[in-house]
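Have the sequence and the 3D view open as you read.

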Amino acid sequence: MRAFDVFTAKDSRHAVALLAEHAATSKVKVLAGGTDLLADLKFASASHAPDVVVDISRIEDLRSIAVTGDGLSIGALVTHTEIMRSPLIRDMFPAMVNAAHTIGAVQTRNLGTLGGNLVTAVPSVDSGPTLVALDALVTVLGPAGRRQMPLAEFFVGPRKTALKPDELLLEILIPTTSLGKPTCFLKFGLRKGQALALVNVAASFWVDRARNAFVAPRIALGAVAPKVVHASTAEAYLEGRAIAPEAMVEAGRLAVGDAKPISDFRASAEYRRDLVAVLTRRALEGAYELAKAKQSEK
Amino acid sequence: MTKVTLNVNGETRTASVPPEMTLLRLLREEFGLTGAKLGCDVGDCGACTVIVDGKTVNSCLMLAPQADGRDVLTVEGLATMERLHPIQKAFEEKGSLQCGFCGPGVIMSAKALLDENPDPSVLEIRDALAGNLCRCTGYSKMIEAIQDVARGDNRQPVGESA
Ligand SMILES: Cc1cc2nc3c(=O)[nH]c(=O)nc-3n(C[C@H](O)[C@H](O)[C@H](O)COP(=O)(O)OP(=O)(O)OC[C@H]3O[C@@H](n4cnc5c(N)ncnc54)[C@H](O)[C@@H]3O)c2cc1C
Ligand code: FES
Ligand code: FES
């Protein structure tokens, strides 16, 4: 690895101060769990390698998982293992637990953070679809203060986000309107362990009890476009429609049109399109099973 | 250079290292603990697995400064001169390893699993080992050995277990 300096941030303000101080004169990188960054640094060309690394892994104020007046707030440094073990998340969003469980293996999940996963922003980012389907927001902190935006807009393209070099991702917020919304995440990889997604999908909707109809349906697709995308056509089709197996099949078919997969060494575009149809239908079925289970608990 | 002080296998160790040095290289090159192996160097193979503050990590993906002040347990911290650790004993009895390169990492993953979950199912064992690649064995004898430890079977003297 090319040499660089490491500065350890004490809290999020200190991290932003360090970023501002060094961003002017050097190439700076934030280090959280390091599971993406270190692998990158080992292969980085001289022009990409940072001179300064700001280690945020010891910051305590970015580790909480809590329901606030605005929704469920998850600190950027919460690890995938912590998501899997959080009773709050388990109860409200089993889909998030399932998504976290598909990321790498134990060692990666122990170090890897939710924030790092989202900032890396690969098209197959496994925590992306569930959070996009839940209309999650992200809060970032920079020299000019905080700003908040939908996660769907935070993702810009492959490995590109709206984050500026001197900004820090602070938290992920699932808004109050999505709390407890039945959601299902499915990932298809070539192996069960340690495989990137060929396609990953999350589906989420409320059920109108009186009419047994879809309310606020959301379908988010990963690994089939430059970034995680909504299957907007399928969502529009489902809105207000009676819940039925045929509607879920049709939504899967429509979602294919919302995806723009590429062929690569993992799979052909054609195969990915088939996966979108199947996984979308299954994710809708999974979310409906959850909705029914929640109803019978009451 | 950065000064790092950490607790390794119960002893306080200090070194002055370049900040871009990984924990794996710190352990192997500065402290002479060559149990953790350098395999892929990018987090895929788990040969470098050690336990930091109770959790397994790939030490090739952690910088030495990030380990400053933390508790690190490596495979060298398990056995004493007189006695193998029960997991090591079970691996020996089952013949769980062939070339052995993956062994230190696998054993640390097994240790972290059993510390948290003394009675894991086969699925839980497989999940715990998913980040440890073995190119020789096929994993079955490792899984059986870990089950033996969980059941306490390996405490029987060798030869009487059959
Ligand atoms: C073996 C292996 C398997 C993997 N498998 C998967 C998988 O199946 N699915 C998947 O989605 N990912 C996978 N990953 C990728 C990776 O583990 C995750 O993306 C992880 O969550 C990254 O988090 P981190 O804390 O380690 O990030 P880091 O490596 O510390 O950082 C990643 C990037 O985000 C930036 N960053 C991190 N936190 C912040 C912040 N708070 N504010 C601003 N910038 C920040 C860093 O500067 C860097 O550019 C895998 C990685 C490995 C090594
Ligand atoms: S050497 Fe660290 S995971 Fe392979
Ligand atoms: S025994 Fe040879 S790699 Fe596992």
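## Domains of chain A

Domain 2 of chain A and domain 3 of chain A bury about 2000 Å² between them, with 60% of that on carbon and sulfur atoms; buried area here is the accessible area (1.4 Å probe) that two parts lose on being put together, summed over both. On the domain 2 side, P123(A), P129(A) and A133(A) lose the most area to domain 3 of chain A, together 25% of what that side buries. The centres of these two domains, taken over C-alpha atoms, are 20 Å apart. Domain 2 of chain A brings 29 residues to the contact and domain 3 of chain A brings 23, where contact means heavy atoms within 4.5 Å.

Chain A as a whole is split into domain 1 (5–55), domain 2 (60–178) and domain 3 (183–297), with bounds that come from an automatic or database domain assignment.

## How to read the model

Please keep in mind that this is a predicted model, in which local features need pLDDT of at least 70 and side-chain atom pairs count only at pLDDT 80 or more, while totals for chains, interfaces and linings use all residues. Residues are numbered from 1 along each chain as its sequence is written, chains are lettered from A and ligands numbered from 1 in the order in which they are written, and side-chain values use heavy atoms, leaving out hydrogens and water.

## Where the chains meet

Chain B and chain A each put 29 residues into their contact. The area buried between them is about 2200 Å², and carbon and sulfur atoms give 53% of it. In chain B, the residues that lose the most area to chain A are E20(B), L61(B) and Q66(B), together 27% of what that side buries.

## Domains of chain B

Chain B is assigned domain 1 (2–77) and domain 2 (86–151). Their centres, taken over C-alpha atoms, lie 21 Å apart, and 14 residues of domain 1 of chain B touch 12 residues of domain 2 of chain B. About 1100 Å² is buried between the two, 67% of it on carbon and sulfur atoms. K37(B), T49(B) and V75(B) supply 37% of the area that domain 1 of chain B buries against domain 2 of chain B, more than any other three residues.

## Helices around α6 of chain B

Helix α5 (residues 122–129) of chain B packs on helix α6 (residues 140–151) of chain B at about 120 degrees, with axes 10 Å apart. Helices are DSSP runs (H or I, at least four residues), numbered from the N terminus; axes are lines fitted to C-alpha atoms over the stretch in contact, and angles run from 0 to 180 degrees between N-to-C directions. V122(B), I125(B), R126(B) and L129(B) in α5(B) meet M142(B), I143(B), I146(B) and Q147(B) in α6(B).

Helix α3 (residues 86–94) of chain B meets α6(B) at about 130 degrees, with axes 9 Å apart. Among the α3(B) residues in this contact are I87(B) and F91(B). Helix α4 (residues 103–116) of chain B packs on α6(B) at about 35 degrees, with axes 11 Å apart. From α4(B), V106(B), A110(B), L113(B) and L114(B) meet M142(B), I146(B), V149(B) and A150(B) in α6(B).

Technical notes
Helix = DSSP H or I, 4+ residues; strand = E, 2+ residues; numbered from the N terminus.
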